[in-house]
Amino acid sequence: MKYIININQKAIMSLGLDLDIIDMAIFDEVYCYMQSSRRQKLSTPEGEFFLILPRYIIDDMPLLGVKSEAVIRRHLAKLADAGLLVRYSQNQQIGRSYYRLGEMVDSLFYESGEPAQKEENEGVIFN
């Protein structure tokens with residue numbers, strides 16, 4: 001079970017994304033899963049994708065009240081349409097749900113125009 005759910009409401013509203021709290025709770029689950037050691041990766045010419053099983057989301061997030069894998073798949077599709085996730089182009093052919101993070105993800109964590117690293121830190125090695 002996922003204990004803590006992080007949702008940046010301000011970013012969602014300011015970006016004008018048509019997503020609700022359930023979409024974003026599912027995104028947080030997927031985002032954390034992609035960072036975890038239990039993830040299943042698929043390396044492709046399109047990039048690295050991660051297997052997302054709707055059943056695991058249902059089991060990990062009981063407060064969502066979602067019991068249907070089809071409903072989870074619809075939420076994942078909304079997240080992909082919003083640019084937070086990217087679907088692997090071969091998902092239908094292989095019968096799996098692989099996703100990677102989309103272009104909009106950084107907008108949830110950083111203000112636009114904010115450099116990834118300040119210039120004065122370039123070349124500095126931290127111990």
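Visitor: Start with serine 97. What does it touch, leaving out residues up to four places away in sequence?
Guide: This is a predicted model, to be clear. Serine 97 touches Phe50, Leu51, Ile52 and Asn91, with residues up to four places away not counted.

Visitor: Where does serine 97 lie?
Guide: In the loop between helix 5 (91–94) and strand 4 (98–101).

Visitor: Buried or exposed?
Guide: Buried, because the relative accessibility of serine 97 is 16% and the cut-off for buried is under 20%.

Visitor: Zoom out. How many helices and strands does the protein have?
Guide: Six helices and four strands. Along the sequence the pattern reads α-α-β-β-α-α-β-α-β-α.

Visitor: What share of the residues is buried?
Guide: 35% of the 127 residues count as buried.

Visitor: And contacts between residues at least 6 apart in sequence: what share joins residues at least 24 apart?
Guide: That share is 55%.

Visitor: Now the largest nonpolar core. How many residues, and which have the most contacts inside it?
Guide: It has 28 residues. Leu76, Leu79, Leu84 and Leu85 have the most contacts inside it.

Visitor: Which elements give two or more residues to this core?
Guide: Helix 1 (9–15), helix 2, helix 3 (54–60), helix 4 (69–81) and helix 6 (105–109). Helix 2 gives the most, with seven residues.

Visitor: Take leucine 85. What is it in contact with, beyond neighbours within four places in sequence?
Guide: Leucine 85 is in contact with Phe27, Val30 and Met34, among others. The list also includes Leu76, Leu79 and Ala80, then Tyr99, Arg100, Leu101 and Gly102.

Visitor: Which residues in helix 2 are buried?
Guide: Asp23, Met24, Ala25, Ile26, Phe27, Asp28, Glu29, Val30, Tyr33 and Met34.

Visitor: What happens at the start of helix 2?
Guide: A side-chain oxygen of aspartate 20 comes to within 3.0 Å of the backbone nitrogen of isoleucine 22.

Visitor: How do helix 2 and helix 4 cross?
Guide: Their axes come within 10 Å and cross at roughly 85°. So helix 2 is roughly perpendicular to helix 4.

Visitor: Which residues meet there, helix 2 against helix 4?
Guide: From helix 2, Ile22, Asp23, Met24, Ile26, Phe27 and Val30. From helix 4, Ile72, His75, Leu76, Lys78 and Leu79.

Visitor: Switching to methionine 61. Where is it found?
Guide: In the loop between helix 3 and helix 4. Methionine 61 is buried, with a relative accessible area of 5%.

Visitor: What is methionine 61 in contact with, past its neighbours within four places in sequence?
Guide: Ile5, Ala25 and Glu29.

Visitor: And how many Å separate the C-alpha atoms of methionine 61 and tyrosine 3?
Guide: 8.5 Å, although the two are 58 residues apart along the chain.

Visitor: Last one, alanine 82. Where is it?
Guide: In the loop between helix 4 and strand 3 (85–87). Alanine 82 counts as buried, at 17% relative accessibility.

Visitor: What does alanine 82 touch, not counting residues up to four places away in sequence?
Guide: Leu17, Leu19 and Met104. The C-alpha atoms of alanine 82 and glycine 102 are separated by 8.7 Å. Those two residues are 20 apart along the chain.

Terms used: Residues are numbered from 1 along each chain as its sequence is written. This is a predicted model: local features need pLDDT of at least 70, side-chain atom pairs count only at pLDDT 80 or more; totals for chains, interfaces and linings use all residues. Side-chain values use heavy atoms; hydrogens and water are left out. Buried means under 20% relative accessible area, exposed over 50%, partly exposed in between (1.4 Å probe, protein chains only). A polar contact is a pair of N or O atoms within 3.5 Å; within protein, one must be able to donate a hydrogen and the other to accept it, and residues adjacent in sequence count only if both atoms are side-chain atoms. A nonpolar core is a set of buried Ala, Val, Leu, Ile, Met, Phe, Trp, Tyr and Cys residues joined through side-chain atoms within 4.5 Å. Contact means heavy atoms within 4.5 Å. Axes are lines fitted to C-alpha atoms, for helices over the stretch in contact, and angles run from 0 to 180 degrees between N-to-C directions. Angles under 35 degrees count as roughly parallel, over 145 as roughly antiparallel, 65 to 115 as roughly perpendicular and the rest as oblique.
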